[in-house]
Amino acid sequence: MPHSDKYWQREEILSKEELREIQLKRLRWVVRHAYHNVPFYRRAFKDVGVHPDDIKKLEDVSKLPFTTKEHLRDNYPFGLFAVPIKDIIRIHTSSGTTGRPKVVGYTAKDLENWINMCARCLYMAGIRRNDVFQNMVNYTLFTGGLGFHYAAERIGAMVIPSGTGNTRKQIQLMLDLGTTAIHSTPSYALHIKEVAEDMGKDPSEIGLRIGCFGAEPWSESLRKKIEESFGLEAFDSYGLSEMNGPGVAFECEEHDGLHIWIDHYLVEIVDPKTGEVLSEGEKGELVLTPLTKEALPLIRYRTGDITFLMDDECSCGRTHPKIHRIVGRTDDMMIVRGVNVFPNQIEQILMNVPEVGDNYQIVLTKRGALDEMIVRVEIKDEFFTGELSDLERIKRKIESHLREEIGIRVGVELVEKGTLERFEGKAKRIIDLRNPKTYIS
């Protein structure tokens, strides 16, 4: 049952002092739990000369070693589990496509905590018992499907577990069943808009009220485009399989950063290169220590996601600090002629150009010893006039905006709507042809 009309759980509005007390108590528990039940952590702690008894205050977490995705893969499948396999009641894996997947296990208590964290998020977005929630993400081993599915049911909403794909049917379901809230990737939301228009439907007349979007970094410009297209309120969602899945952090009605549930996660921002802990407001890599996970107690897990802490008061009344929306991933960052570039920066510019459609692709090549970046951009039908001078003007405008933002010359190639590949899950925006092996990230 909800704690009030505004909050799902009382813990959302605890005082800062109460939250710190809970954090310390849970941090000391999870460090002992990992040390005594996971041989990997016992060795890792001994290697850096630290013992669970050394953790006396929250800041002492910096004495502990980091955990990385490589450690999860090296200990595949169950090497980092801290409970017997008979106590594991659910398995999920990462949605990564390279190498061994990261295997995540859940006890009954882990699932209960996760459902309530996801319910906090959906309730914060305004989803209530009378909503119809269409969940358009993968329902297999990916955590995004079942996490929000059970949370929406817990709230009492009607849930449509439509999964991914078959976009025309998705739109028909929305119209026939009266969908009021959706969950998908932001890139899939754009695809729905495009297909609806092809069907002769105005996306704004579908009747959507709330959109929950995550699983990939997206820009403020893209949010505006989605909101204007559907007439809904869009909320940014953050999570990762290793931390349960979605439900780690989520936007409130202020849309100014994502509240991160610090009664379940200890948050650090570190320098991606040195691992040094950064101050509030400094941009770096998000490091999380789950404080309540029984099955998989990951200590100082390096997420690879770039953000910063925004520990200011929020008018929504929640006392949990906020992280800035994810800027990008450490492994997403492109280094072009010595300049660090995130796909998000490019998307922010493109989505503000009126002539630009819903899709783009970044191609990295080499000309001699120099890196070259070409951005392939779909142009809206009405601007594809066939007049070369019109296209050249649009091309120059986009190139100028990109150079102004990222400081290097970027080539732009204009293509017709429908030219670039569409994605039902995470969009693959980058094609890197600079190395002997071609890969898409």
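The legends below describe close-up views of a predicted model. Residues are numbered from 1 along each chain as its sequence is written, and side-chain values use heavy atoms, with hydrogens and water left out. Because the model is predicted, local features need pLDDT of at least 70 and side-chain atom pairs count only at pLDDT 80 or more, whereas totals for chains, interfaces and linings use all residues.

**View 1. Strand β12 and its two partners.** Strand β12 comprises residues 301-307; helices (H or I, at least four residues) and strands (E, at least two) are DSSP runs, numbered from the N terminus. Seven of the seven residues of β12 are buried, where buried means under 20% relative accessible area, exposed over 50% and partly exposed in between (1.4 Å probe, protein chains only). In a regular strand the side chains alternate between the two faces of the sheet. In β12, Y301, T303, D305 and T307 lie on one side, and R302, G304 and I306 on the other. Strand β11 (residues 284-290) runs antiparallel to β12 and is joined to β12 by four bridges; two strands pair if DSSP finds at least two bridges between them. Within this pairing, R302 of β12 stands opposite V287. Strand β15 (residues 328-329) also pairs with β12 in the antiparallel sense, over two bridges, and G328 is the bridge partner of I306.

**View 2. The nine-stranded open sheet.** The strands follow the order β4-β3-β5-β6-β7-β8-β9-β14-β13, with mixed pairing. Strands β8 (residues 245-251) and β9 (residues 258-260) run antiparallel and are joined by three bridges; F250 has H259 in β9 as its bridge partner.

**View 3. The packing of helices α6 and α7.** Helix α6 (residues 167-177) packs against helix α7 (residues 186-198) at an angle of about 80°, with the axes 9 Å apart. The axes are lines fitted to C-alpha atoms, for helices over the stretch in contact, and angles run from 0 to 180 degrees between N-to-C directions. Contact means heavy atoms within 4.5 Å. Residues of α6 in this contact include T167, I171 and M174, and those of α7 include Y188, I192 and V195.

**View 4. The surroundings of E12.** E12 is located in the segment before α1 (16-37). E12 is buried, with a relative accessible area of 0%. Apart from neighbours within four places in sequence, E12 is in contact with Y7, R120, W261, R318, T319 and H320.
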